[in-house]
Structures are given as structure tokens and as C-alpha cells.
Amino acid sequence: MPGPRGGAAAAGRSVGFPANGPVIPGSHRCRGGRVVAVRCEALFCTPLWSSQHPDPVLLQGLATTVLSLEAADPAGIQRTNQGGWHSPVTLLDQPQFAGLFHWIAAEALGAFEAWGWDLNQALPCFHNAWAMVNRKGSSTRAHLHPNSFFSGVCYLQVPAGSGAIAFLDPRSGAQMLQPPMRSDARGDHSGRVVQHPYPGLLLLFPSWLWHEVEPSSCQEPRICISFNLGLRPVKTRPADSGGTATEGPMVGSPAAWAVGGGKPGPAT
Ligand SMILES: [Fe+2]
């Protein structure tokens, strides 16, 4: 009987349980001393990439720039932010942030290439980017980023207690599995994985992954830059973007990356 994606005839990686394959997470000694070595493959895993920006001086300078933008436009815009300040989604047009986006582009390309993305056929592109400032009581409700491929956030300033980001299990039906778990069980075996940010942390994840930001408990602002990425085939890359179809992956200016990215998805 055909499966939901076409059954056995559909293309896909075969599941391997080779007799001499890796044991994940390893053999386990059960109560009573018996050792079992059952194998477990993680199917359809959700990538969450992270990296660390190397220049704290640049980050602090950008944090000051964001506060200046907030002072000039205190109302900002309203999306999923609950009480925080959300800038317009036009940060790609601000030259002060070009260096940060260039670094993000390079990190993202490295992540995608290692993941198996054929960058000779299609490249990522920036859709849009924005800044967020959260103070005491501010949070972000659970959301995803429609019409984009990957989304991310880079933290500029993170005072203690200013709110962690939490990722929510996107698999329908997975919440059926709620046996009592030991305290040393992997965090992603629950339905909610919390990441405590710090200055310079870059997180990159699929845009379909639900996430939320916990309320800040401190007055000092927590400042971050968020962005959406899309995909564009190399063969449709416009000549004015600074390259040709036969050129390798472009890690140049963010403005060039943004060109030809298709319709931007709504920022959330
Ligand atoms: Fe988000």
C-alpha cells in the first residue's frame, strides 16, 4: 500500500540497521545488570545550527545602533512580539549591519553545504531582517516564519534573565509519547527544547520550526537581529547581482544576496 509520500517507489534514503552499524547512543546497562545494544536511528531530524560571532566590540556597536533606531521610531511594528520593540523588516538596507550579514551568510553557507545542500544548483538568499529589543516583561509568542526556508537570530546583547528561546516539537502526534523520563534523558526527547542565548550566538533553523521567547525579568535590554532566508536557483541568478551562473556560492555583500530572492516572506 502506498505510503503518504508514494510508498516504496518514492525516492528517499533507505533506513539502515546494519549488523555492524553504529550503536546510538550506545549500549545500555539495564536494571539487573543486563546489557542491551538496541540501535536507534533519528529519522527526519530537525537541524538547529549554532555559531559564535568572534567580535564583541562589533556586536556592542550594533547594539548601540539598534537602540538609536528604537529611539527614532519608538512604536516600531507589531508582529509576534509581546511588549518588545520590533524594528521594520528593512535591516538589510542599513549599511551598518552589512558586516554582520556577511558573516551570517558565510556561516549559513557552511552549515548548508555540510548538510548536503548542492550549492551549485541553488543558493540561499536573504528575504528580510529586523531587530528586536526586549525589556522586563517582554516576550515573543510561539510562531514560525511563513514563506521562508530558513530563519535565524544573532544575539547582540543578552543581560542575565532576559529570556531564553524555546523550540517546540513540530511533529504532529509526537506528543502521544510522554512516558516518565529520567533527569538525564536527552532534552529533545521532550516537546520543548530551551536554548539560553549569550552575546554573539547565532542560531539557524528551518522556518517551519515553532519557537517562542520567554519573558524577560530584567530592565536592561536584550537585543538581537533576526532574519529570514529563501532559496533561488543558480540559473535564474540575475546578472546584476555580481556573478554568473557558473560562479560558485556567493558570500559577498548582503545586498547581492538579497537580490532576486523572490517575494519576501512576512517577518514574524
Ligand atoms: Fe522567530
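**Strand pairing around β13**

Val153 has Ser226 in β13 as its bridge partner. This is a predicted model: local features need pLDDT of at least 70, side-chain atom pairs count only at pLDDT 80 or more, and totals for chains, interfaces and linings use all residues. Residues are numbered from 1 along each chain as its sequence is written.

Strand β8 (residues 150-157) runs antiparallel to β13, and seven bridges join them. Strands here are DSSP runs of E, at least two residues, and helices are runs of H or I, at least four residues; both are numbered from the N terminus. Two strands count as paired if DSSP finds at least two bridges between them. Strand β6 (residues 122-134) also pairs with β13, antiparallel, over 12 bridges. Here Met132 has Cys224 in β13 as its bridge partner.

How buried is β13? Nine of the 12 residues of this strand (residues 222-233) are buried, so the rest of the structure largely encloses it. Buried means that 20 or more other C-beta atoms, placed from the backbone, lie within 10 Å of the residue's own. Across the 268 residues of the protein chain, 28% count as buried.

Now to an open sheet. Its five strands follow the order β4-β7-β12-β9-β10, with antiparallel pairing. β4 (81-82) and β10 (192-195) are the edge strands, each pairing on one side only. Inside this order, β7 (residues 139-143) and β12 (residues 211-213) pair antiparallel over two bridges. His143 has His211 in β12 as its bridge partner.

The protein chain has three helices and 13 strands.
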